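Please look through the sequence and the model shown below before reading on. The briefing that follows goes through it topic by topic.

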Amino acid sequence: MASCKDDTGPKVMYLGHTLPQTHPVHKGIVEFQKALEKKSNGTLKVKIFPDAQLGSEREVLELLQIGSVAATKVSAATLSNFVPEYHLLGIPYLFRDKQHQFDVLEGDIGKSILEKGSKFWLRGLCYYDAGSRSFYTSNKAIRTPQDLEGLKIRVMNNQMAINMVNSMGGSATPLAYGELYTAIQQGVVDGAENNPPSFVSSNHYEISKYYTLDQHSSVPDVLLIGTKFWDKLSEEEKIWVQEAADESAQAQKKFWSDSVDESMKIAKAAGVEIIIPEKSLFAEKSKSVVEEFVKEFPEMEPIVNQIKNKE
């Protein structure tokens with residue numbers, strides 16, 4: 001499945017991901033497809049399988065590792081289960097703002113993390129903007145960390161996300177994303193945390209009337225190529241693939257920004273109260289998460305400091 005080539009035909013990269021075709025990250029992947037075809041004069045083609053057609057994020061990663069699929073897009077949070085360095089990107093309030101985040105991701109630190117995956121057969125090509133995650137709740141507004149006390153907040157099944165919500169006084173509740181709408185509706189959880197396009201596309205804004213833009217984490221998505229496929233490419237083809245990925249990452253930032261603007265308009269029109277809290281209060285509460293992280297991964301403390309001190 002990873003590639004099919006005879007002497008006359010093009011090489012075809014199979015790229016599977018879990019997002020719908022309306023998603024700004026999918027639109028970024030389409031830009032990658034177009035750029036690569038143009039650079040290679042049609043000798044390298046990308047066949048995209050969106051909407052989890054080839055399986056969950058984890059399942060597609062495993063298909064990359066064995067060479068059955070050439071490429072995919074996954075959250076850095078999912079990738080951290082395979083490549084420990086990606087844990088860094090989930091640290092709450094690690095980045096001062098979007099400019100700082102992309103200066104880090106597109107600089108030496110970000111590139112070195114992308115390359116760390118090669119030993120697990122998962123080579124990173126570029127990062128896609130997946131925005132900042134913030135809290136939303138159904139019945140009680142969160143204006144300060146104290147307001148989280150006693151609230152059950154759905155999180156991804158990721159230790160850093162669990163520790164972060166607990167450190168702020170909430171009760172972190174890992175739950176499958178597909179079950180979340182019903183869980184909020186039935187009061188199984190009081191709320192969740194995600195970026196604006198996900199908040200709106202999942203229809204959670206219909207049943208969560210408070211959205212607190214505390215922007216506690218900015219975990220990017222990662223465009224990956226399996227080393228089984230990468231190693232079969234010529235040096236020239238590798239350059240085309242990397243250049244196409246880098247160009248698509250720049251285009252995707254604009255798609256993301258437009259999607260955030262549109263999502264916020266929809267949420268406001270539906271009567272969601274948008275709360276702009278004092279972020280430093282939340283950052284202060286979550287400091288223990290960073291301390292625990294560097295205790296567990298002492299070798300990563302210098303990188304955390306490098307990121308924080310990057311001008």
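Helices (H or I, at least four residues) and strands (E, at least two) are DSSP runs, numbered from the N terminus. This is a predicted model, in which local features need pLDDT of at least 70 and side-chain atom pairs count only at pLDDT 80 or more, while totals for chains, interfaces and linings use all residues. Residues are numbered from 1 along each chain as its sequence is written, and side-chain values use heavy atoms, with hydrogens and water left out.

**Confidence**

- The mean pLDDT of the protein, where pLDDT is the predictor's confidence in each residue from 0 to 100, is 94, and 97% of the residues reach 70 or more.
- Over residues 1–6 pLDDT stays under 50, and for this stretch the model has 19 contacts beyond four places in sequence, a contact meaning heavy atoms within 4.5 Å.
- Where pLDDT is low, the predicted coordinates should not be read in detail.

**The six-stranded sheet**

- An open sheet with mixed pairing is formed by six strands in the order β7-β6-β8-β5-β9-β11, where two strands pair if DSSP finds at least two bridges between them.
- Strands β7 (171–174) and β11 (273–275) each have a single partner strand and stand at the edges, so one side of each is left without a neighbour in the sheet.
- On average, neighbouring strands of this sheet are turned by 30 degrees against each other, direction ignored; axes are lines fitted to C-alpha atoms, for helices over the stretch in contact, and angles run from 0 to 180 degrees between N-to-C directions.
- Four bridges connect β6 (residues 152–155) with β7 in the parallel sense, and V155 has P174 in β7 as its bridge partner.
- Helix α6 (residues 159–167) packs on the sheet, where it touches β5 (133–137), β6, β7, β8 (191–194) and β9 (210–217), and the direction of α6 makes about 155 degrees with that of β7.

- Five of the five residues of strand β3 (residues 71–75) are buried, so β3 is largely enclosed by the rest of the structure; buried means under 20% relative accessible area, exposed over 50%, and partly exposed in between (1.4 Å probe, protein chains only).
- From β3, A71, K73 and S75 point one way and T72 and V74 the other way, and all are buried.
- Strand β1 (residues 11–16) runs parallel to β3 and is joined to it by two bridges, with L15 standing opposite A71.
- Strand β10 (residues 221–226) runs antiparallel to β3, with five bridges joining them, and here L224 stands opposite T72.

**Helix α12**

- Among the residues of helix α12 (residues 287–296), V289, V290, F293 and V294 are buried.
- These four residues cover an arc of only 125 degrees around the axis, which puts them on the same side of α12; the arc is that of the directions from the helix axis to the C-beta atoms.
- Exposed residues E291, K295 and E296 are carried by the face of α12 turned away from its buried side.
- The cover over the buried residues of α12 includes α6 and α13 (301–309).

**Nonpolar cores**

- A nonpolar core is a set of buried Ala, Val, Leu, Ile, Met, Phe, Trp, Tyr and Cys residues joined through side-chain atoms within 4.5 Å, and the largest one here has 54 residues, with Y86, F135 and F293 having the most contacts inside it.
- Helix α6 gives the most to this core, with five residues.
- Apart from this core lies another, of 27 residues, which include L36, Y128, L233 and A249.
- Leaving aside neighbours within four places in sequence, Y86 is in contact with A76, L79, S80, I113, L114, G124, Y127 and V222.

**Single residues to look at**

- P92 is found in the loop between α3 (76–79) and α4 (98–105) and is buried, with a relative accessible area of 4%.
- Not counting residues up to four places away in sequence, P92 touches M160, M164, H216, S286 and V289.
- A52, in the loop between β2 (44–49) and α2 (57–66), has a positive phi of about 55 degrees although it is not a glycine, and at 34% relative accessibility A52 counts as partly exposed.
- Q215, found in strand β9, has a positive phi of about 50 degrees although it is not a glycine, and at 32% relative accessibility Q215 counts as partly exposed.
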